[in-house]
Protein chains: 6
Amino acid sequence: MTEQTPATAQTPAARPDGRAADELRPVHITPGFSKQAEGSALIEFGNTRVLCTASFTEGVPRWLKGQGTGWVTAEYAMLPRATNERSQRESVKGKIGGRTHEISRLIGRSLRAVIDMDALGENTIVLDCDVLDADGGTRTAAITGAYIALARALDWAVEQGHVRRDAAVLKDSVSAISVGIVDGAPVLDLPYVEDVKAETDMNVVVTGSGDFVEVQGTAEGAPFRRAELDALLDLAVGGTARLAQRQAEALRQARA
Amino acid sequence: MTEQTPATAQTPAARPDGRAADELRPVHITPGFSKQAEGSALIEFGNTRVLCTASFTEGVPRWLKGQGTGWVTAEYAMLPRATNERSQRESVKGKIGGRTHEISRLIGRSLRAVIDMDALGENTIVLDCDVLDADGGTRTAAITGAYIALARALDWAVEQGHVRRDAAVLKDSVSAISVGIVDGAPVLDLPYVEDVKAETDMNVVVTGSGDFVEVQGTAEGAPFRRAELDALLDLAVGGTARLAQRQAEALRQARA
Amino acid sequence: MTEQTPATAQTPAARPDGRAADELRPVHITPGFSKQAEGSALIEFGNTRVLCTASFTEGVPRWLKGQGTGWVTAEYAMLPRATNERSQRESVKGKIGGRTHEISRLIGRSLRAVIDMDALGENTIVLDCDVLDADGGTRTAAITGAYIALARALDWAVEQGHVRRDAAVLKDSVSAISVGIVDGAPVLDLPYVEDVKAETDMNVVVTGSGDFVEVQGTAEGAPFRRAELDALLDLAVGGTARLAQRQAEALRQARA
Amino acid sequence: MTEQTPATAQTPAARPDGRAADELRPVHITPGFSKQAEGSALIEFGNTRVLCTASFTEGVPRWLKGQGTGWVTAEYAMLPRATNERSQRESVKGKIGGRTHEISRLIGRSLRAVIDMDALGENTIVLDCDVLDADGGTRTAAITGAYIALARALDWAVEQGHVRRDAAVLKDSVSAISVGIVDGAPVLDLPYVEDVKAETDMNVVVTGSGDFVEVQGTAEGAPFRRAELDALLDLAVGGTARLAQRQAEALRQARA
Amino acid sequence: MTEQTPATAQTPAARPDGRAADELRPVHITPGFSKQAEGSALIEFGNTRVLCTASFTEGVPRWLKGQGTGWVTAEYAMLPRATNERSQRESVKGKIGGRTHEISRLIGRSLRAVIDMDALGENTIVLDCDVLDADGGTRTAAITGAYIALARALDWAVEQGHVRRDAAVLKDSVSAISVGIVDGAPVLDLPYVEDVKAETDMNVVVTGSGDFVEVQGTAEGAPFRRAELDALLDLAVGGTARLAQRQAEALRQARA
Amino acid sequence: MTEQTPATAQTPAARPDGRAADELRPVHITPGFSKQAEGSALIEFGNTRVLCTASFTEGVPRWLKGQGTGWVTAEYAMLPRATNERSQRESVKGKIGGRTHEISRLIGRSLRAVIDMDALGENTIVLDCDVLDADGGTRTAAITGAYIALARALDWAVEQGHVRRDAAVLKDSVSAISVGIVDGAPVLDLPYVEDVKAETDMNVVVTGSGDFVEVQGTAEGAPFRRAELDALLDLAVGGTARLAQRQAEALRQARA
């Protein structure tokens, strides 16, 4: 569909790590990394590593009480030395920055999109995504890993009797990937070195069924044309389909 | 491309204010509303009213000094009683919420996308968008109005000799509109009553030339299909083309 | 009345805008400026513009519950570009400055002075005064406009049945004006250019009946004598009497 | 002048501590209470005790540099158990309340009114007024005591050669007292039990020469008439004249 | 007792104030210094002066309710000019520093160690220790003085009937002292000039029976040997025994 | 020395994990866990896991400039789900708690005790210790792991030429362990279940040479006797000697 668009007409330069334009970085998922959380996973997209935990508690915030429905929220943060240069802790600054807020909200919305809140009942799940190493794509890795932590916390809740075994709390799986236009060519899953020089940068959140939960595209350099947008969406749909397979495998092994 | 998609196949329900699906609310732009700012505009999208000011100052933040390039940033806020129920001031809470952060960053990125920072020289422009009345679409009205304030501040800067008359600081115009799927049908420029029941909500920022600066789509209810996404983008491109005309008229009159 | 006081013995210099010493700047009151608030008014004292809203809600803070009495409080703020140079938002600073605190408290006390809290019943009114343009006298314009917003919110509350029609919640009207000694002469309603060079600056809050609610006089330069204080009070009483008429007219038209 | 006003026509009720209406509480001033500060005084108005220190440092804030002029500022605070019920520390709350801000600013303005900033030269004095026991009149005691601390810090600065011996930095002395209308009668120097039931409450700051620096009158209950205001000012002028004598004595002894 | 430890083998240099190595500075305790608090004491260790108050209130924090047990907590702070150079107020900074937190927690733990919380019943005591003058040892003076304030507040509570007369709320007395190695020699009760050059600094909290509540030793310069630690503990035990006597005397006089 | 003390006379109850009283939990050290930091280690004391990074930067804070000496500081934090119940992020609370402050300061002091700041030169090292899983002893694991991160960062600095190869920046190694009295018996390296019921809790920081850097003992229940203190110190010295061996092994392997 995208072969005749100008953006892809040129032969793309080789990527720094030698990947094809539509190739993911190596993905590793370690469910149960945290010993305390009801559900958890360490997820790696190349050198990016995010520790995702899901904390399940009975009850909901006061303003939701008595409605028979649950609550899922998320918080994202980076360890100070996840990045190449140390960044100041937000706890020390005394306030949370705009980027952190934005990503926390994105993760929360993405996971809520695949949850049946009525089936969850009056229970709360808090997803914490802490970036141990950042090399691009931390928010997409966080969403993809948070899904595993969430699924495992629900497994736990079923076992403990907090949620009925036949309650279909998860309506679908969800994963996310970044795409962008680098040196004029659309590429999938950008590491930091590509991210900083991307003209356009897009994060796409997709369900296991292939529908969109979030599309967030930003022109970092020049505005982008409709054909470029289409090419990026194609790449993202392909990438998230493969992530959905990896999630399914990880859960199968964890439940074995 | 979208004619056979189920989303648009059904006859859409009448909109609460009787508009066609692809019709904007009445748009009014009052350049020069503020007496103190170098550039300003009061912009109205229906009942939504945003006061946009552009403050021009010589010099740039320390970390940019000596690079011969300018800086443009934006801050968005709502008056406490812009909404139907009074909301607490963020100054009283002592911190800025995630939504405010997110929108401020979006406005800043959108305006920077049409600015040639080298042509601006070592000057700083701060855009303030304060919502006086909120009835949906405050962030898109803010972007559209901030462009007018920005353009007028640049007119002022040229007159004052801070920027050369032939410096093409503005590479293009920029405007924004919301689109969404309400009762299964894609519609343009959602007021609050539609916004709260939209299954999918998207904000699209487009240049005068019709290229994309930002695409932010969120599934509030069910995830959305590619055909729905395409239909929404079509609507947004049509709406922003008309906004670009209104911006051009407003500037022509202000400069007369 | 003040002819024999030493302060006015000298022939006063012409005022920058040509007004007489005891003349108000043009006053405009636009009740109902905000579409969402129960009561509102945009008030202009010359170039100073303040948007005042009154938010009426049933119930009172917890510490007042069960006493059958209401609560009225006020918050004052300036938009960042209300002034000649942009000032940083207090929400961004993370704290409210002393001046803002001081004025918010003054507005609250001034309005409470004319309210019968028992007649109000267990209801709360929050007055928000946001300065759109600042050219001296913002606090006095805020008090004068807040009275209109308050009166209109009470009209609404009576219509809605939250307050009995015969409850005399408002015991009187209230307005405020600044007076000061500039170049040795007492003058009324100082714009910014006079305010910065005033030796003595006083804000006076007066009821419709002509009694004092607040008298706040400050020697900015040299301490002031009793005769000067008397001359300033005379000016203020005259100015607020005219403001009370303007308030009455604005309410009459709004209620028509 | 006030003999025929209704407010004083009635025979005033006896005051709780048996004082005459125009009588001060016992005043004690202990200069040099703090061992570390360049100037200090513990001041007592009855049971109210305030520790005032003046910290002298060479240099001024950056925005004042090179102008040959000094800077004086003040901070007021209450120990948590200065009051009958313990109040939370503002450091623990993480922000300073409106009342604290207001009083700190009042103290600063009052002291600056008697200082010749050019004579002070590029030096800074910070006045700290910490209330050890609060029984009404803490802000007026603070101003009266801060003058002593300030005068002693200037004595030190002269001795150390930071200020020339013949520089008349202090143009006058300054003191303050509260007055109010209690049970219909004007009274001087209100302790807490009178303060809470005062209909009108006024704080008056007066120079040694008897001119006004600040007049802050507030109707706590009913608005007040001009004649009442006059009676209160008379009382305050009498009270501050006696305070000025006490200040002079305290300084004479401290310098002996 | 310590004569054969290597640390004391060398002849110690004379101390700046001529004291013997195991000698306390003059200790003065003024119970009842504050007029408002249920219990209070001004305590002086040489030039160090700390005002300690104990605020007794019925009831406990929500999370303790219904357990029949009490709550004791402490807050420590320094007046801005307690030190040789003025330090910024933590209320102005908007946050409490690490040192303040650390000392507040130490005082709270120390006092709780001698309290029978069941005997206290559902009552809360807040200890406030505000340093008026700081010359080393402020935390140890605070603990020693807070014990007096606490004991007096309990006397008050017994008199008022909040605590039964035979409830042995205080299981023991508690006091604290600093010890350190200065110029190679262990010394007791270090003033500021010794504190800044101490190689090792230790604060020791000891009950009236001579048992340890807290031992906090820090190598400021070189790490310390076991023998040095032993010598310091010996000094501290001797010093706190004498402080316990002073506490007993002060209470005896206050109760007389 | 301690064999006849009552505290150890009784036969200790078996420990929950079957260890001997003087036995460490399994210790694992993974140097280089973080890919971005100049030095790093993941350290495990049983189920407690702490990620320690050392960030090396040229230059020192302004107040140290030009003195030819370096700066080392530390920050400690816990991930929200390191504990059995999720705790709120300090960045979300907007302030750092007392416990976090206290531990950060302890880690910083402990590491500085083995560093020759002159040999470090004008360079700064920030140690970040983030607890991934908390099961008692997080601060002692943090100190022990931070030493490895620090040593590796110095290796890096030597290789990069920031520090001379023969500069003996590290004067010694340093490690830490907790000891406590549980059920009347002194034990080493307490996991959470023992920690909560310890009567006395002590953290001891010891150099590779066996000298003390910090001794922090607290009576959680009853005050402790000198003999108990001695027994705890003996245990700690034994435990840290074994930790020093593990540190040496880990560094040998990392450098191989």
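This is a short walk through a predicted model, one selection at a time.

**Stop 1: the sheet in chain C**

Show chain C as a cartoon and look for its open sheet of 5 strands. Reading across, the strands come in the order β1-β2-β3-β5-β4, and their pairing is mixed. Which strands stand at the edges? Select residues 27-31 for β1 and 71-78 for β4 of chain C: each has a single partner strand, so one side of each is left without a neighbour in the sheet. Now turn the view to look along the sheet; the twist averages 15° from one strand to the next.

Next, pick β3 (residues 48-58) and β5 (residues 123-133) in chain C. These two pair in the antiparallel sense, over 10 bridges. To see one spot where they face each other, select Glu58(C), which stands opposite Asn123(C) in β5(C).

Helix α2 of chain C, residues 98-112, lies across β4 and β5 of that chain, and runs at about 145° to β4(C). Then select residues 138-159 of chain C, which is helix α4. Helix α4(C) packs on the sheet and touches β1, β2 (39-45), β3, β4 and β5 of chain C. Its direction makes about 35° with that of β3(C).

**Stop 2: a covered strand in chain B**

Move over to chain B and select β5, residues 123-133. How many of its residues are buried? The count is 11 of 11, so this strand is mostly covered, where buried means under 20% relative accessible area.

Now bring in the strands that β5(B) pairs with. Strand β3 (residues 48-58) of chain B pairs with β5(B) in the antiparallel sense over 10 bridges; Thr53(B), for instance, has Asp128(B) as its bridge partner in β5(B). Then show β4(B), residues 71-78: here 8 bridges make the join to β5(B), and the two strands run parallel. Click on Ala74(B) and look for its bridge partner in β5(B), Leu127(B).

**Stop 3: a nonpolar patch on chain A**

Switch to a surface view and pick Tyr192(A), Val193(A) and Val196(A). Together they make a nonpolar surface patch of about 300 Å². Zoom in on Val196(A), which is found in the loop between α6 (192-195) and β8 (200-207) of chain A. Is Val196(A) buried or exposed? Its relative accessibility is 53%, so Val196(A) counts as exposed.

**Stop 4**

Most residues other than glycine have a negative phi. With that in mind, select Asp183(D): its phi is positive, near 50°. You'll find Asp183(D) in the loop between β6 (174-182) and β7 (185-188) of chain D. At 38% relative accessibility, this residue counts as partly exposed.

Jump to chain F and select Asp183(F). Phi is near 50° there too, again a positive value in a residue other than glycine. Asp183(F) lies in the loop between β6 (174-182) and β7 (185-188) of chain F, and is partly exposed at 41% relative accessibility.

**Stop 5: salt bridges**

There are 130 salt bridges over all chains, so pick just a few, counting a side-chain nitrogen of Lys or Arg within 4 Å of a carboxyl oxygen of Asp or Glu.

- Select Arg89(A) and Glu75(F): their side chains meet at 2.8 Å, N to O. Arg89(A) sits in the loop between β4 (71-78) and α2 (90-93) of chain A and Glu75(F) in strand β4 of chain F, so the pair joins two chains. Arg89(A) is buried, at 9%, and Glu75(F) is buried as well, at 19%.
- Select Asp128(E) and Arg86(D), where the N to O distance is 2.5 Å. This pair also crosses between chains, from strand β5 of chain E to the loop between β4 and α2 of chain D. Asp128(E) is buried at 0% relative accessibility, while Arg86(D) is partly exposed at 25%.
- Finish on chain A with Asp17(A), Arg19(A), Arg25(A), Asp135(A) and Asp189(A), which are linked in a network of salt bridges.

Notes: Residues numbered from 1 in each chain as written. Chains lettered and ligands numbered in written order. Predicted model: local features only at pLDDT ≥ 70, side-chain atom pairs only at ≥ 80, totals over all residues. Heavy atoms only, no water. Pairing = 2+ DSSP bridges. Helix = DSSP H or I, 4+ residues; strand = E, 2+ residues; numbered from the N terminus. Axes fitted to C-alpha atoms, helices over the stretch in contact; angles between N-to-C directions. Contact = heavy atoms within 4.5 Å. Patch = residues over 30% accessible without salt bridge, like charges linked within 9 Å, V, L, I, M, F, W, Y side chains within 5 Å. Areas by Shrake-Rupley, 256 points an atom, 1.4 Å probe, with all protein chains shown as cover. Buried < 20%, exposed > 50% of the residue type's maximum accessible area, 1.4 Å probe, protein only.
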